[in-house]
Amino acid sequence: MAKHTHVAQEEQRQDHAIDATLRAVEAEKLPIEEMPLETLRDYRLYNEEARKANKKLRVCRYPIKQCPPELHPKQRVKIDTTDGSRNPIPVFLSNHLIHYDEKLTPGKIYDIPECVLSYLSDKGNPIWGWVNLPDGSKETRQIDKKPRFSLTTIYQGGNY
């Protein structure tokens, strides 16, 4: 019996510690007009507050701001097309995270933001095929995807 009361008291202490931490964090928050926009995290926090305020006001008073590509984590890659063409690849991605508009030449090495790499790696041509269903019928579904781009990660570092 004593063990259960001890566990309950320990949980109450943890709850009080969590509440105290949350109050401290809430007290440190800056007004949305004074929030710094210097890192990717700053932009994410600003956009969270802007969404909350806009929803509360029911008016779009604070616009969502996209983080510049310079602040995004990058990866060094060599980009090629799987069909072998050497024409420049126009890459345009504009969403809540980033506005990226570049022309990339196949065969060259670039430092590209990771969210753009994810977008490029998802591009492909679907491969359709017949699939047998559990009830014995057949249906056509997308069974695979042939990627449009070959993205090779380039590692730079010390002597290995």
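Biologist: Is R58 buried or exposed?

Modeller: Exposed, because its relative accessibility is 77%. Keep in mind that we're looking at a predicted model.

Biologist: Okay, and where is R58 found?

Modeller: In the loop between α2 and β1. The backbone there is worth a look too: R58 isn't a glycine, yet it has a positive phi of about 60°. Most residues other than glycine have a negative phi.

Biologist: Noted. What about the cysteines, how many disulfides does a search of the whole structure find?

Modeller: The search comes back with 0. Take C115: its nearest cysteine sulfur belongs to C67 and is 8.8 Å away. The cut-off for a disulfide is 2.5 Å, so C115 is in no disulfide.

Biologist: And how accessible is C115?

Modeller: Partly exposed, since its relative accessibility is 22%. C60, on the other hand, counts as exposed because its relative accessible area is 63%.

Biologist: Switching to the overall fold. How many helices and strands does the protein chain have?

Modeller: There are 3 helices and 7 strands. Starting at the N terminus, the order is α-α-β-β-β-β-α-β-β-β.

Biologist: Which strands make up the open sheet of 3?

Modeller: The order across it is β4-β1-β7, and the pairing is antiparallel. β4 (109–113) and β7 (149–153) are the edge strands; each has a single partner, so one side of each has no neighbour in the sheet. From one strand to the next, the twist averages 50°.

Biologist: How many bridges join β1 to β4?

Modeller: 5 bridges, with β1 covering residues 74–81 and the two strands running antiparallel. Within that pair, R76 sits opposite D111 of β4.

Biologist: Which helix packs on that sheet?

Modeller: That's α3, residues 114–122. It touches β1, β4 and β7, and its direction makes about 105° with that of β4.

Biologist: Now the inside. Which residues of the largest nonpolar core touch the most other members?

Modeller: I79, V91, Y100, L104, I112, V116 and L120, out of 13 residues in that core. The elements giving two or more residues to it are β1, β2 (89–94), β3 (99–104) and α3.

Biologist: What does L104 touch, leaving out residues up to four places away in sequence?

Modeller: I79, P88, I89, V91, Y110 and I112. There's also a second, separate core of 6 residues, with I32, M35, Y46 and Y62 among them.

Biologist: How much of the protein chain is buried, then?

Modeller: Buried residues are 19% of the 160. The accessible surface is about 12,300 Å², and carbon and sulfur atoms hold 52% of that.

Biologist: And what share of the contacts with a separation of 6 or more comes from residues 24 or more positions apart?

Modeller: 51% of them.

Biologist: Last one: where does T39 sit?

Modeller: T39 is in the loop between α1 (2–28) and α2 (40–57). It counts as partly exposed because its relative accessible area is 38%. T39 and P68 are 29 residues apart in sequence, and their C-alpha atoms are 9.4 Å apart in space.

Terms used. Residues are numbered from 1 along each chain as its sequence is written. This is a predicted model: local features need pLDDT of at least 70, side-chain atom pairs count only at pLDDT 80 or more; totals for chains, interfaces and linings use all residues. Side-chain values use heavy atoms; hydrogens and water are left out. Helices (H or I, at least four residues) and strands (E, at least two) are DSSP runs, numbered from the N terminus. Buried means under 20% relative accessible area, exposed over 50%, partly exposed in between (1.4 Å probe, protein chains only). Two strands pair if DSSP finds at least two bridges between them. Axes are lines fitted to C-alpha atoms, for helices over the stretch in contact, and angles run from 0 to 180 degrees between N-to-C directions. Contact means heavy atoms within 4.5 Å. A nonpolar core is a set of buried Ala, Val, Leu, Ile, Met, Phe, Trp, Tyr and Cys residues joined through side-chain atoms within 4.5 Å. Accessible areas come from the Shrake-Rupley method with a 1.4 Å probe; for residues, only the protein chains shown count as cover.
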